[in-house]
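Welcome! Here is a short tour for anyone opening this structure for the first time. Keep the view at hand as you read.

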Amino acid sequence: MLWAYNIISVGIILIVFIILSYKNLLSVLFWIFTYRIKCTKHNIYSKDFLEQLNPKLLSTEFFFIVITLILSINLISVFRPFPIGWDDLWAYMNYPHLMANAWVIWELWSMMSWQTFTWIGYMFNNPTLAFFLNNVWGFLSVIVIVLIISEIFKNKKSTFVHLPLLAATLFILIPMVIFQQAKDMKLDPGLFFISIIALYMLFEFYTNYKKNKEEKKLLSKKWLLKLFLIIGLLLWFTFTIKFTSLLLISAVLWILFYTRLWILGFLWYLSLYFAIFTAGWLWKMMNVVALDTPEVKTNFSIIAVIIWIAFLITARVKTKKRFRKFIPRIWALFVWILIAIAPWWISNIISTIDSWNKIWISALISWHAERFTTDYSKIYSKIELETIEKSEWIQWLNSSGTTNNEDFWRYFGYEKGINNYVKLPWNLTMQSNQGWEFTTIWFLFLALLPTVFLFLPFRRKEYALWIYGLILFEVLLFVIPVSRDFFTNIMTSISLPYWYIFILLLALVPLIFFIPTLQKNELTKLFKINLIFAIFYSFLWGISAFWIVWYWIVMYFNFILMIVFWAYYLGSYSADDTSKKRELRFFGTLVFFSIIAMYLFMSVFPHSFNNLKSAWYKDYKTWNTTVAEAPYLFHPEYLAILYNLNIDPNKSDIFLKDSIISDKIKKIIQNNKLQNNIVWIRQLLMQILKDKNIKDIVLKKSAQTSLQNIYKNISKPKPEYKNTAWIYRIGTFLKYHISENNKRLLEDSLVTIFDTYIYDTDVNIWVDRMKKLWINYLLVDLNAATIDKDPRHNLTKRYEKLLTTFTSNKLDLIETDSVCLKVALEEYKKNKNLKTYLDLAGVNYDGYTSNNKKIKRSLKQVACYEQILSLIESKQVTQNSYSYLNIYIPHLAKLKNTQEKVMFLHKYVWHGFKVLFKIK
């Protein structure tokens, strides 16, 4: 364990960096306080309407207000006591939280570099500080985008809009980016920030290295080595943040090969890339349909190597000078990456050999940090295990273009063949598959990018006619039903993996067209390099990342840069232009801005108001609630669940002794024999605090301190009463709050482990299997089946198998916020009717009959409400039976008819989110 990383060591590191780079820091501070965005003032006395209006100044003010508004609301939103998004609760804020609690870095485990930064916030026991540290990269990305676009268009013609602020606004207003800045604290804004710096350094080098002799002299070998050192370090750093940066690194290398060796370099790199990934079976790791047999794989690899050698020799002969200069530069980049990777790589190689006595890629990447491991040999023989794993092996993607992973499928789509790939732009824009703000990128890119190409400076004007053909094809493919169905049927019959070649060729069409047809100048050169990167990066992402939009975040910079090119060529003008030409350019800019304004108003206002309304945690923001108590005040049901999961039930006396500071309160608890009833204890302490008849100030202060101690000790239990029992977890947002959740949880969000290894039609057999695996608790997300859009409904079927197991008498219900599930369990104990039980318990998701007929969740909910009314009217609700329904009886008595009562129950009886059982 790297135990030395703490507040003191972080302070020392910061001081050392300040000493080493104080000159740079001072210059940056000076730049911050002196940098200005300058525009001319409105000239109201001019006869020229455009000078009176000054649209560039107006756009600057408008964009600045919009950016400030969104960033400010994001800051308000992240001022909260704990994470609220799925990914930050599961990983991105959970890992630094765990490391801070354990006060160690997991020895360079997996991709932890960013977590060691956000961990600083948790060092101060302040989650909000960690969120701010993660959020600040959105701010910095805005600044970097402004600086990059300003540098690109420096000393160029004037425009009617402020291009740098336009680009920054387009980025920060992508709903997905807002979601990551305001709600789900992912790593992607930080990854974006680092990535675009590396990209811009590369772009700037290749667009400017031939400017003039003076600048060319600066490009000494030493300077080049420094440049590629920085690029190499940045690229490796992006990989330590997230695996998906492999797409970035691959595309950057393509740029290097292409820009120095042209088409031969492109073909050389492509064949080498395919050879390495095919020979190493790396396509499977990228979720790409792999070649069927080892023989086919070997033959394909040999062919790719032969093609690579052929292009290598040809490139060497055709581009002698370029080739000689290129090889040292590419080696310099690789060497710097290897130097950066060396400590991490050596550590993981040693650890991998020690753990598995062999080296394999998955182990090198993820290492063997402390985590939950399952030994299925406790419940199956070796032969049985081999049979199960062989029959149940699931490939992420099959040759028909479909996947058996429901979590990926909802992003990827449900069509066969190559339809999901070819229809990617339309499906992403229209949210055809997964619709919600965390995947929304709006219509902007699909609407503008094809039109961008119309206004580029072609060598001949008629070349632009081909763009109209592209737009027409887009309409026929995506919009018109008859032609869309025609193309869909054709693409359905195409199978993978060999048709990946067709997808690649389709992606290369823009490159093949634009390289020879565009004029040669500084901006078009940058446009081509940007396009090259976009094509390869998009191709790899499209075939490997199941269209999960945040894995593609660097691409939005490339798209925004293309849109800015359009704005420039559409509305740029010089002082020598006639007034008519300027007016025409202004009108074009006005049309462009109108499209952008639609996007802005559809994004900025709804997301601003929604995020403000859902900012919540007012008491925490006003310092009336502590970090310790916040989770239990905002989610009261968490108390019983986390008490049982985090506190050893045999050590409750030690826990109470450590938490309760008043002997008088301890005596009350002991007399009532309720040491394990944490809900009752909280009610007791809160009653003492609220009771105005209690005048004992010391007792009230003791109750307040004791309550805070309970919250703190449950969330961060001490070793002497910490629960180390293992938990079988299906979903839920509770992982962050469970102590040592990196090594106590058997994760099975898609219920595949349960279905494959644990389930049996005899509910008691599966419980025995759980016991043999040393599982003590069953924690289930009641919404686990809601993501199932698979036409076969396999996830729903697996989940209903799980629901049936809840009826086992070997399970002890600890807590659930689902009234319907409680009713269903009690009803089953009396009537043993499994169908009725499933209808009542499964109110969270749509069910299906044996002939695939849909049973809407709303109908099941109404059935639950009617069952509750029946129980109340038949007077079956007592203190010992269905007691949790007593709270509704006085309110229902005031209502006249059944419809009103059902509507009341619909409003106040939640379908619930979670359930916790203890295995007896």
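Ser-195 sits in helix α11, which covers residues 188–208. The model shown here is predicted.

**Around Ser-195**
- With a relative accessibility of 0%, Ser-195 counts as buried, because buried means under 20%.
- Its side chain reaches the backbone oxygen of Leu-191 at 2.7 Å.
- Beyond neighbours within four places in sequence, Ser-195 is in contact with Thr-238, Leu-248 and Val-554.

**The nonpolar cores**
- The largest nonpolar core has 179 residues, and Phe-533 and Tyr-556 touch the most other members.
- Helix α14 (residues 245–279) gives this core its largest share, 20 residues.
- Leaving out residues up to four places away in sequence, Phe-533 touches several residues, including Leu-199, Phe-203, Leu-248 and Val-554.
- There is also a second, separate core of 63 residues, with Ile-388, Tyr-837, Leu-838 and Leu-892 among them.

**The sheet and its helices**
- An open sheet of five strands runs in the order β2-β1-β3-β7-β4, with mixed pairing.
- β2 (745–747) and β4 (811–816) stand at the edges with a single partner strand each, so one side of each has no neighbour in the sheet.
- From one strand to the next, the twist averages 20°.
- β1 (residues 726–730) pairs with β2 in the parallel sense over three bridges, and Ile-727 stands opposite Leu-745 in β2.
- Helix α32 (residues 638–646) lies across β1, β3, β4 and β7, at about 30° to β7.
- Helix α41 (residues 819–831) lies across β4 and β7, at about 155° to β4.

Methods. Residues numbered from 1 in each chain as written. Predicted model: local features only at pLDDT ≥ 70, side-chain atom pairs only at ≥ 80, totals over all residues. Heavy atoms only, no water. Helix = DSSP H or I, 4+ residues; strand = E, 2+ residues; numbered from the N terminus. Buried < 20%, exposed > 50% of the residue type's maximum accessible area, 1.4 Å probe, protein only. Polar contact = N/O pair within 3.5 Å; in protein donor to acceptor, adjacent residues only side chain to side chain. Contact = heavy atoms within 4.5 Å. Core = buried A, V, L, I, M, F, W, Y, C linked by side-chain atoms within 4.5 Å. Pairing = 2+ DSSP bridges. Axes fitted to C-alpha atoms, helices over the stretch in contact; angles between N-to-C directions.
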